[in-house]
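Take a walk through this model, one stop at a time. Keep the sequence at hand as you read.

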Protein chains: 2
Amino acid sequence: VNYLEQRILKDGVVKPGNVLKVDSFLNHQIDPIVMEEVVTEFIEYFGDRKVTKVMTIEASGIAPAIMLAAKLKVPMLFAKKTEPATMEREDRYESLVHSYTKDVTSNVIISKEYLDASDSVVIIDDFLANGEAALGLADIVEQAGAEVAGVGICIEKSFQPGHQLIKEKGLDLHSISRIASLDNGEVTFLKDDE
Amino acid sequence: VNYLEQRILKDGVVKPGNVLKVDSFLNHQIDPIVMEEVVTEFIEYFGDRKVTKVMTIEASGIAPAIMLAAKLKVPMLFAKKTEPATMEREDRYESLVHSYTKDVTSNVIISKEYLDASDSVVIIDDFLANGEAALGLADIVEQAGAEVAGVGICIEKSFQPGHQLIKEKGLDLHSISRIASLDNGEVTFLKDDE
């Protein structure tokens, strides 16, 4: 088990409805040591690729994304969530993203000024469950004619459909910790070869 | 002029209504070089104090806050914005924060698990204008019986009331760039002794 997995076992709390609460070190209080370990692993996996930008979605993706961007010495770009608009705007890329946890659909936006066909983007997020956020960001990268260099996730709930959906799109996904199950209030990780 | 001020002059765009758009390097696309310079200056100013936590508010405060927290080797805590609730909850600190730009009042929350009377907190944000966000965070620190070690701001609009209000509360404020005026579409900084 890696450092993030150790922290999940030590400080994560399993809640009803397959919720894993990691508020104490990942998405409310953030432990920079966890961030540094996570970024080191992303660099090992994505570090030899051509990456021009790190992209994420507000709010909890921002911390790992900016720290990775600092190591790669490229800009970080975070998508903002707005109310679904009735009218498209010409100055931005948009994608609808549904959050199953909050049961809310957001319009996720990136200004066209900061993403174009010359970009090669690593998409970063704290969690992968149904894959809506990562797929929405990949959709925006595609709209710009840019390339997804990879998708880096801190915690993947491998028993939910996100992993499969991202693989089916042909994207290179690297999740630092992959959770096989949260049954009976216990965290079980996938083995490396699963 | 420091590095942030150089970037404001080069890439900032003044919009009607005293709006300074710095989307290209501070709060949509984020340049990690700007973050590193900003953090270096915060360390110079706050580095010799006892700091147990860096605190900010989602979303654009997160990048400078996590990078400062990583240097100080302390946790970063970011307040979440929710709809104003009709009922207080016992497990969290809350403060109402009004955004003049968006004309929205949010309920800003921090879980009681992560802040207590032993904490000494540096509050970080990207902008200071009317001071609502910083004062809301200071209010939460007070509710916890903790201490505000200082308030660190990237860009202060010194012609708006936030600076004065924070000083009147007796807080130690350090803003990296202080804007005297945005009149006629031009950025004018305060001199160091103003």
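Start in chain B, where B:F25 sits in the loop between β2 (19-21) and β3 (29-30). Strands here are DSSP runs of E, at least two residues long, and helices are runs of H or I of at least four residues, both numbered from the N terminus. This is a predicted model, so local features need pLDDT of at least 70 and side-chain atom pairs count only at pLDDT 80 or more, while totals for chains, interfaces and linings use all residues. Residues are numbered from 1 along each chain as its sequence is written, chains are lettered from A and ligands numbered from 1 in the order in which they are written, and side-chain values use heavy atoms, leaving out hydrogens and water.

Is B:F25 buried or exposed? B:F25 counts as buried because its relative accessibility is 0%. Buried means under 20% relative accessible area, exposed over 50%, and partly exposed in between (1.4 Å probe, protein chains only). Beyond its neighbours within four places in sequence, B:F25 is in contact (heavy atoms within 4.5 Å) with B:L4, B:R7, B:I8, B:D11, B:G12, B:I30, B:D31 and B:V34. B:I124 lies 99 residues from B:F25 in sequence, and their C-alpha atoms are 17 Å apart.

Now move to chain A. Strand β7(A), residues 104-111, is mostly covered, with 6 of its 8 residues buried. β7(A) pairs antiparallel with β5(A), residues 76-82, over 3 bridges. Pairing takes at least two DSSP bridges between two strands. A:K81 stands opposite A:V108 of β7(A).

β6(A), residues 92-99, also runs antiparallel to β7(A), joined by 8 bridges. A:S99 has A:V104 in β7(A) as its bridge partner. The hairpin of β6(A) and β7(A) has 4 residues between the strands, and A:D103 there takes a positive phi near 50 degrees.
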